[in-house]
Each structure stands twice: as C-alpha cells, then as structure tokens.
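This report concerns a predicted model. Please look over the sequence and the coordinates before reading on.

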Amino acid sequence: MEYKLPNDILVEKSLLGAMLISEEALIRGLGSLVADDFYEKNVANRVTFEAIVRLNNNKEKVDVVTVYNELINMKKEDLVGGVEYLKDLSENAIGLTSLEHYIKMLKDCALLRTLLTTMDDIKEKYNKGIDGTVSDFVASSGDRIASIVEQRRVAEFIKLSEHIERVNKELLTYKETPEDHLIGITSGFKELNKYSNGFQKENMIVLAARPSVGKTALALNFALTAAKYTEKTVAFFSLEMAGDLLAKRMLAIESKVNLSNITRGYLTKDDRIRIKEASKRLSSLKLYIDDTPSIKMNDLIAKARKLQNSQNDLAMIVIDYIGLITSSEKHGGDYNRQLEVSDYSRKIKDLARTLKVPVIVLCQLSRDVEKRETKEPVLSDLRESGAIEQDADMVILLSPEGTKKKKENTPEGEDKVGVSPTTDQLVRVNLAKNRNGQTGVMTLLFQKSYSTFSELTNEQRLRLDALRSGKVDAGATPKDLE
C-alpha cells in the first residue's frame, strides 16, 4: 500500500530562507542538515540546499543571486521555477530563535522516512523469502532499525554552564556522609568500594580471569548485592550456565549451605530450613536471568531495553561472558573474530550509556598469563580484542593469590593464612584500570563450597602480609605468624 512519506515543505522553505539571508543561520543549518533531510519529492528545496552546500564548500558568498547562478551552473534552475522562488524563500525566512526547533522538525521527518522505508524493505525481503533462520532475519532487521533509532540520539553541543548546573543539582542530593559514602552501586567489598566508589552508571566494567578462578561466582555476588542494595531490577545474561544452576549457586551464597549438597540433594533438616528462608529472600529480589546460550548481540541489547521499559528501574546488567556472544551475520573468508569482539565491546559500552546503568561484562584472559612465573595477569591479557580494554571504564583482573614460585618441598602458603586449600582459595583482585578513580590490588577469600566471596579477617591479613614480606617462609607455623 502506497502512503505519503512524512515531510513538511513549509519547514524546509523556512529554513532555506533563513540560510539565504543570515550567515549564522547558514552556519548552523549546514552544521546540522544534509541533502537527504529534504524530501526527495520536494525537488526545488533539495536542489537549492545542494547549491548552498556547493557555494559554501567553494568559500563563496551565499545569497539569492549566488545560489541562482549556482543552480544555472548545475543546470537545475528550471527545477526551482526561476529566481522568484528564491526571493520568496528569503521573504518567508524564520528568525534565529526558531532555527533549532525547525531543524529538529525537519530531521524528525527525515528520520521517520528512513524508518518507514526500511520497514518496507524488511517486509519486501520477507515476502521474497527469508535467507537463513528466522532468528537471523529478526536480528538483522532489528540491527537495521536500531541503527536508525541511534540517529535520533545525535546531540548538539551543550555549553559547559549547563553541564555544571546539572552536576551541582546532583551534588545537592548528597548529604554529608562518612568517607565510605558511595555514589555508585556497592560491590559488597569495602576495599574495592574505596577504589571504585561503587559501580557507576553508564560505565562498562570488565571482570576478567582464567577459567576456574571464580569470575562467575564474583559476578553473582555483585548482582545479588546490587539487587539487595538498590531494591531495583538487575539483569544477568548467562551464556554459559543454565538459569537453574545459577539459582543453586545463589541459594548456596544466601543460605551458606554447601553447593555440592544442594546439587546432589543431600540436605540435612537444618540445611532445608536455611534454604527455605534463603529462597524467600531471593524470590523477593528483582533479579532477572536470561540463559540463552550463544545469544546474538542485537538480541541481548533488545532484551535489555525491553526489561528496562517493562520494569522502569533497571539498576545494573551483568553479561557472562563476551566470548560467547555470537553474530547475526554470516562469516565469509575474511572473517575476523577480533573485529567482531571489538564491535561487541563498543555496543556494550553504548548500551551502558544508553540505559544509564553500569554493565559488568565477564571476559577470558589469554594463555599468556600461564607463561609468567608469577601468573599475575595484566591488561594486555584481555582475550580476543584490545578494544575491550579501551572501551572499559574499569577493569578487574582476578588471579589465585600466592602464585609466586615457592621453594621445593614446602607446603602451600594458603593454609598458613588460616584458610583451607581444599575448600577455599585466596583470590588477588587487581583493579587494573579505573577511568574515574584510583587503581589498586586487594585480596578476597573465595569460599568455593558456598560460591561466595568475602573479605579477609584482620588475622588473615596479618598472616598474608607476613608471608608476602618474607618475614616468614611458606612453611611457617601459625605461632610464627603471631
């Protein structure tokens, strides 16, 4: 069915008239508009704008006479019906105070035209037959529409004073508070909060480690803490682990019942009571899990936006993990995984800014870590793409603590810190990048039995510091550490 595409011929004429008589209107118009913003069937308006652009590019004066002469040079003077058309434009020009409003009206019409013609094209492709799976067709169509919507977000320059005014209004909402006051979402760990000041809205936070160090467990701890702390919606995209398995881990975290017992169903009466109480607390949280394996990037973005629109209080997103996100595009011979992951990274960063929430994205570290004597990761170990490091506002690198080479025939150092090497693991948490604050290193205790992380006690810290400083060796007894 044919329909008239959105356009406003009077708005087009009013803007062109202003550009013909005002240098400021000319500069502002050329800085915001392109030829496609003028409806293709309003031929006179479009060719007039093209003539103005040509004159400006040649650094020539723009007015009724020069524009008409340029139209003659372009052999398009007949399309405007003579110089009288240009005189009429200049006589009906709008003032500078209305300029931005008219520009917005014109660009909105152009945006709607692009959206509608794209939808028609998608419909036509469907009628001809889908090439590939339905999921791929929907994802590709969604990507095209999302790119159009993105154009709507293009903003003009804003004077610094307006930003300052907004910042001051925000500061007025803060009360005088202790030094541990956070302006972001708490991580649940005092030392990490001290460096990060909490997880900030619009930030992309990368949590990276080699396999089996505990990054999914730590991400779950972050998600649970955020849901409790904010009492708002938290989204967890689990590409590797089924939702029921995540629920079991969260029950272990909340109830302090051994995870292996929950998995096997070997539960005492006391365990069942604690799980029942933990279930009630967890069920009251607004924590949503999507466990679609190998989810496509466009689907992930669409689901996050849908959740925000339906709940209207999205506080944080966790993605576990970026390496399992897949593309909607078919891969040819020139397929480059690094470029693909770079694209995902940019889209995740953009998602954080668009939804104005922190996005924690998990990432694998390369095998280069294993080649070092200390086994301590660095930023360049982020796997598959350097863009991840570049896009991230914060990068947290995890590694087993006490990985320095020990003397032969000496026991592991961890048990001398006061933890069990069989059920617990000391994890070195390195805040290696923090765009808006300090970096730093801390140690957390990963209690594998409960899939939870906790901070060290003062006694454990003293023992660990003694081992690190070399005041005692790895075979020291607890008495040596007093």
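## Contacts and surface

Among the contacts in the protein with a separation of 6 or more, 70% are accounted for by residues 24 or more positions apart. In this predicted model, 45% of the 482 residues count as buried, while the protein exposes about 26,500 Å², of which carbon and sulfur atoms supply 51%.

## The sheet

The secondary structure comes to 17 helices and nine strands. An open sheet of nine strands, with mixed pairing, runs in the order β3-β2-β4-β5-β1-β6-β7-β8-β9. Because β3 (287–290) and β9 (452–455) each have a single partner strand and stand at the edges, one side of each is left without a neighbour in the sheet. On average, and with direction ignored, neighbouring strands of this sheet are turned by 25° against each other.

How many bridges join β8 and β9? Strand β8, which spans residues 440–447, pairs with β9 in the antiparallel sense over four bridges, and in this region Q447 stands opposite T452 in β9.

## Helices on the sheet

Helix α11 (residues 243–255) packs on the sheet, where it touches β2 (233–238), β3 and β9; the direction of helix α11 makes about 145° with that of β3.

Helix α15, formed by residues 337–355, also packs on the sheet and touches β1 (204–209), β4 (314–320) and β5 (359–364), and the angle between the direction of helix α15 and that of β4 is about 165°.

Key:
Residues numbered from 1 in each chain as written. Predicted model: local features only at pLDDT ≥ 70, side-chain atom pairs only at ≥ 80, totals over all residues. Heavy atoms only, no water. Pairing = 2+ DSSP bridges. Helix = DSSP H or I, 4+ residues; strand = E, 2+ residues; numbered from the N terminus. Axes fitted to C-alpha atoms, helices over the stretch in contact; angles between N-to-C directions. Contact = heavy atoms within 4.5 Å. Buried < 20%, exposed > 50% of the residue type's maximum accessible area, 1.4 Å probe, protein only. Areas by Shrake-Rupley, 256 points an atom, 1.4 Å probe, with all protein chains shown as cover.
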